[in-house]
Amino acid sequence: MTPNEIGFALLYIGVFLLIGKIIRVNWSLLQNLFLPSSIIGGFIALLLGPQVLGKFMPEDNFFSNGIMTDSIMEVWSALPGLMINVVFAALFLGSTIPRLKDIWTYAGPQLALGWSVGWGQYVVGIGLAVLVLVPFFDLPAMSGALIEVAFEGGHGTAAGMASTFEELGFTESFDLAIGLATIGVLSGVIFGIILINWGVRNKKTKVIEDVEDFSNLRKRGVMEYQNREPAGKMTLRPESIEPLSFHLAIVMIAILLGWLLLQGLISLETITIGSDFMGYIPLFPLAMIGGIILQVFFSKKDKYNLVDRRMINRIQGLALDVLILTAIASVSLDVIGEYLVPFLILASAGIAWNLFGFLVLAPRFIPQYWFERGIGDFGQSMGVTATGLLLMRVVDPDNESPAFEAFGYKQLFYEPFLGGGFVTALSVPFIAQFGPWPTLIIALAMTALGIFFGLFYFGKNKAT
């Protein structure tokens with residue numbers, strides 16, 4: 001593949017991102033669903049690619065591969081696994097790491113809720129695997145991890161785990177996980193809006209009385225004129241280094257640190273016990289640790305406060321847009337069709353468990369503003385953090401409840417483990433090496449621990 005072919009594949013990403021945005025601006029249904037342009041553009045690219053348009057064309061036709069070339073699809077299929085490292089490396093860069101006491105006070109109930117729902121997704125998934133998917137559909141036991149990988153982790157984690165599944169002999173998992181992540185995002189928004197309307201009508205919400213006050217500009221995804229703020233601060237002078245270049249370099253160094261950590265762990269494991277377990281671990285959770293190391297360094301040594309969180313957010317957002325679009329566009333519909341029944345079983349079970357977590361566990365775990373705070377965790381458990389933030393913004397547009405602060409604090413303890421953290425990364429090789437039953441027992445214990453603290457500690461503490 002030539003550099004020009006790689007460059008052309010990147011140019012195509014811009015085309016479909018813009019197409020997705022144009023469709024979002026002009027189609028009210030998608031506006032009401034608050035679908036990101038990257039998802040819309042990814043679906044358009046999927047329809048115009050070899051999976052759909054190409055299927056209807058003769059083999060010798062100019063459009064036998066859709067409007068995509070083989071080189072474009074080859075580049076796009078590799079991008080999700082690269083971009084997820086950027087997303088996770090940027091998670092904590094530029095953020096103030098609060099005191100443990102503050103995290104426990106504000107985020108404890110939501111941490112218990114997220115912990116219960118996240119580990120519960122393993123319980124549901126692995127339970128289905130051993131009882132249904134393995135004996136009746138001949139799927140490997142590691143398919144039980146797909147609900148947490150796709151729903152709690154989202155498109156990024158699903159893409160990042162592709163190499164792990166491939167090395168373990170279950171290559172179809174990438175397509176199934178991306179499909180489940182897409183179902184999760186769509187279901188998260190749809191069910192989230194339904195739940196909010198239900199909550200308003202039944203007096204479950206404390207902040208809003210209706211959900212009809214969103215402006216047309218906001219529904220179209222255009223920032224209202226009066227709310228437009230700078231995308232980032234110019235913390236350095238461009239004649240010395242472009243601020244965007246500096247922040248991008250910081251993210252790159254965080255990924256490099258993560259890679260060095262991973263290589264060190266692999267070497268240490270080889271020298272000490274001679275196994276290859278760590279070789280199956282993807283890079284992105286270590287990239288997150290690299291970002292935390294850099295943030296601790298800057299917190300102690302950076303007297304000029306050079307790392308701007310907003311600029312980091314822009315880099316992270318770009319990487320996530322590219323990741324989602326290319327992951328959806330390169331998914332194999334043939335694989336989803338081949339495993340359609342298991343796919344639907346996993347999707348239905350995941351949605352049902354997440355609804356149970358919000359409707360049953362959240363009001364018992366969170367004494368104050370349970371709806372405003374719990375809806376964020378529901379949205380996150382269905383695919384992406386952005387969905388949780390969106391739903392919280394609907395029920396608390398002026399940040400009158402502690403929902404956003406508690407949700408942000410919770411991420412500091414939650415993200416390193418579930419939703420793409422070490423538990424997610426280790427779960428698949430752990431199941432492959434030790435079998436589903438030890439994993440199921442651990443997941444049950446962790447779920448029970450989260451429910452115990454949620455019911456009998458945080459749920460009884462009216463100050464949280």
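Let's start with the lining of the second largest pocket. By class, that lining has 16 nonpolar residues, no polar ones and one charged residue. Keep in mind that this is a predicted model. The second largest pocket is lined by 17 residues. Which of them lie nearest its centre? They are Met83, Val86, Leu248, Leu318 and Ala319. Several helices contribute here. Helix H1 (3–26), helix H4 (70–89), helix H11 (243–272) and helix H13 (309–329) each give two or more residues to the lining. The volume of this second largest pocket is about 350 Å³.

Now the cavities. How many of 30 Å³ or more does a search of the whole structure find? It finds two.

Take the largest cavity. It holds about 70 Å³ of space. It has 13 lining residues, and the closest to its centre are Leu113, Val117, Asp377, Phe378 and Ser381. The elements giving two or more residues to this lining are helix H5 (100–137), H15 and helix H16 (370–381). Which element gives the largest share? That is H16, with five residues. By class, the lining of the largest cavity has four nonpolar, six polar and three charged residues.

Next, the second largest cavity. Its volume is about 30 Å³. The lining is made of Leu139, Leu146, Leu176, Leu180, Pro342, Phe343 and Leu346. Helix H9 (173–201) and H15 each give two or more residues to it. H15 supplies the largest share, three residues. What classes do we find in this lining? Seven residues are nonpolar, with no polar and no charged residues.

H15 covers residues 340–365, which makes 26 residues. At 1.5 Å a residue, H15 should span 38 Å. Its end C-alpha atoms are 36 Å apart, which agrees. Where does H15 bend? The bend is at Phe358, and the angle is about 30°.

H9 has 29 residues. From its first C-alpha to its last, H9 reaches 41 Å. Just after H9 comes Lys203, which takes a positive phi of about 60°.

An α-helix has 3.6 residues a turn, so residues three or four places apart point the same way.

On to charges. Side chains of opposite charge can pair when their charged atoms come close. How many salt bridges does the structure hold? It holds one. The partners are Glu229 and Arg310, whose side chains meet at 3.1 Å, N to O. Glu229 lies in the loop between H10 and H11, and Arg310 lies in helix H13, so the pair ties together parts that are 81 residues apart in sequence.

Last topic: confidence. The chain averages a pLDDT of 85. Of the residues, 93% score at least 70. Which element of the chain has the lowest mean pLDDT? That is helix H10, residues 216–219, with a mean of 66. The highest mean belongs to helix H20, residues 436–458, at 94. Where pLDDT is low, the predicted coordinates should not be read in detail.

Notes
Residues numbered from 1 in each chain as written. Predicted model: local features only at pLDDT ≥ 70, side-chain atom pairs only at ≥ 80, totals over all residues. Heavy atoms only, no water. 1 Å grid on protein atoms, 1.4 Å probe; cavity = no way out; pocket = protein on both sides within 12 Å on 5 of 7 lines; lining within 4 Å. Points joined across faces, edges and corners; volume = space filled by probe spheres on them. Helix = DSSP H or I, 4+ residues; strand = E, 2+ residues; numbered from the N terminus. Nonpolar A, V, L, I, M, F, W, Y, C, P; charged D, E, K, R; others polar. pLDDT = per-residue confidence, 0-100. Expected span 1.5 Å × (residues − 1). Bend = angle between axes of the 7 residues up to and from the residue. Salt bridge = Lys/Arg side-chain N within 4 Å of Asp/Glu carboxyl O.
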